[in-house]
Amino acid sequence: MSEKRLLLGDEAVALGALHAGLSGVYAYPGTPSTEITEYIQKSPLARERGVRSRWCTNEKTAMEAALGMSYAGKRALVCMKHVGMNVCADAFVNAAVTGVKGGLVVLAADDPSMHSSQNEQDSRFYGKFAMVPIFEPSDQQEAYEMVAEAFALSEALRLPVLMRLVTRLAHSRAAVAVGEAQAQNALSPDDERTRWVLLPGNARRQYASLVAKQAEIEAAAAQSRRNACEGGWNDKKPLGVIAAGIAYNYVRESAPAGLPVFKLSQYPLPAHQVQELAAHCASILVVEDGQPFVEEQVRGILDAGYPVQGRLSGELPRTGELTPDCVARALGQPGGPAFADAHNLAPRPPQLCQGCGHRDVYTALNKVAAEYPDARIFGDIGCYTLGALPPFRAIDTCVDMGASITMAKGAADAGVHPAIAVIGDSTFTHSGMTGLLDAVNDGSAITVIISDNLTTAMTGGQDSAGTHKYEAICLALGVEREHLHVVVPLPKNMEEITRIIREEIEYRGVSVIIPQRECMQTLGRKLRQKKAKEA
């Protein structure tokens, strides 16, 4: 018996995992993946079954904890946005070498067009690099169903499985037919010790085993019902299409009758189907959202000189997410109506919320920094990154999670003064603590501002791992008590805050200032909930 539910792609993955017998989800919040864990946190079924669902400090700890749950025989899900794959890469790649016991699915939500990210990297490359199966659903129904298939394949091959979504699928809704929940795995820790201990002798055997499994992984993709041949494959056609993941929907919207299409949702790329498509078509168009991952492989599979079209050849845009219109034009069909550029509209860049404590931090920081012509302010990833925009224009750099402290340290090592780092509370525990320890060990002349709004605000107000612990963490890392300050960022305290910043800039060692005031959004939410409860 099944019912239909209206679900985001993220929610379809979450429900699919719960119905597949999930025992734990491990994640760090990051758009467009955040709603997966939030759905599980709010699920009555997850509460009833005791599914572990608290946020992790970063993606590496999430991956390692999930691997531990798999070691115990239970099914685990790891969720992150694409740049989180960089953080967990060490554990992810080595998990393919150790292998798994309970099913382990790693969900990477990519962000073509960088709607909320600093790059457009394609997580499918990580799956190929680690030599594990990759699933890429084309719609919400497949997202729901493929999670169970991914867990089953993970346990059959004893390998982690990478599942990839993109923003447009993660954050759109569709009706999904859902089934019954299956039971969780029983607790059964692995007794085969040598494969989990990656000393070189064991690792060499395990790596050879991983290589030997590649034929099995390729066969699973070639036989998968998710990889389907559609259209006219019986006679010679001028064009055939390989459509991967969500791009399949754009092709179906515009495809002329009889167009040969190979729908791709499970990897490795099946070479036989590509060769068969090429035998029936004078050329192939590869349609995929992200980087030319499939297109490059198709060029390698087919003879040199066979015309392969796509992002590399210019038929589709090289950057950004695909649209139905650009796919239609690549298929020789008219796109949607063109709209004139609105030259007379003023741009409306995002801004920090009115009343946000970060605003007062930047006001104080700009006032003091103006006294130092050579001041450089190194920023980080969070909603406070908006301090780079008007009216503050307070940040000189923003590269990756945690880079503010280490870049400030490197600049100070080179002679820059003052070198100031601005980092958020959640980002600090995610990947800023090790940089602060480096700075303490070197006695670097930097001033670190940990702007603490008591939550992970940028992704919707999730719990922050170090709330109410930042002073203790900094002291434990070696910051001197007299150079560690907690302030309340409010206009009435501006004189005190600017004085402290000025004094700590003059100190030629590591100093930390923690402006601490709750996020206006989470505070407003709490007040509304309290008012509703009282009413």
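Student: Which domains does the domain assignment give for the protein chain?

Tutor: This is a predicted model; local features need pLDDT of at least 70, side-chain atom pairs count only at pLDDT 80 or more, and totals for chains, interfaces and linings use all residues. Residues are numbered from 1 along each chain as its sequence is written, and side-chain values use heavy atoms, leaving out hydrogens and water. Domain bounds come from an automatic or database assignment. The assignment gives domain 1 (4-223), domain 2 (228-330) and domain 3 (357-522).

Student: What area is buried between domain 1 and domain 3?

Tutor: Contact means heavy atoms within 4.5 Å. By that rule, 12 residues of domain 1 are in contact with 13 residues of domain 3. Buried area is the accessible area (1.4 Å probe) that two parts lose on being put together, summed over both. Carbon and sulfur atoms give 55% of the area here, and the total is about 910 Å².

Student: Which residues in domain 1 lose the most area to domain 3?

Tutor: Three residues together make up 47% of what the domain 1 side buries. They are Tyr28, Thr57 and Gln118.

Student: How many salt bridges does the rule find across the interface of domain 1 and domain 3?

Tutor: A salt bridge is a side-chain nitrogen of Lys or Arg within 4 Å of a carboxyl oxygen of Asp or Glu. A search of the whole structure finds 32. Across the interface of domain 1 and domain 3, the number is zero.

Student: Where does Arg5 form a salt bridge, and with which side chain?

Tutor: Arg5 is partly exposed, at 28% relative accessible area; that class lies between buried (under 20%) and exposed (over 50%), with a 1.4 Å probe and protein chains only. Its salt bridge has an N to O distance of 3.1 Å. The partner is Glu3.

Student: Which residues have the most contacts inside the largest nonpolar core?

Tutor: A nonpolar core is a set of buried Ala, Val, Leu, Ile, Met, Phe, Trp, Tyr and Cys residues joined through side-chain atoms within 4.5 Å. The largest has 107 residues. This core draws at least three residues from each of domain 1 and domain 2. The two with the most contacts inside it are Leu77 and Phe92.
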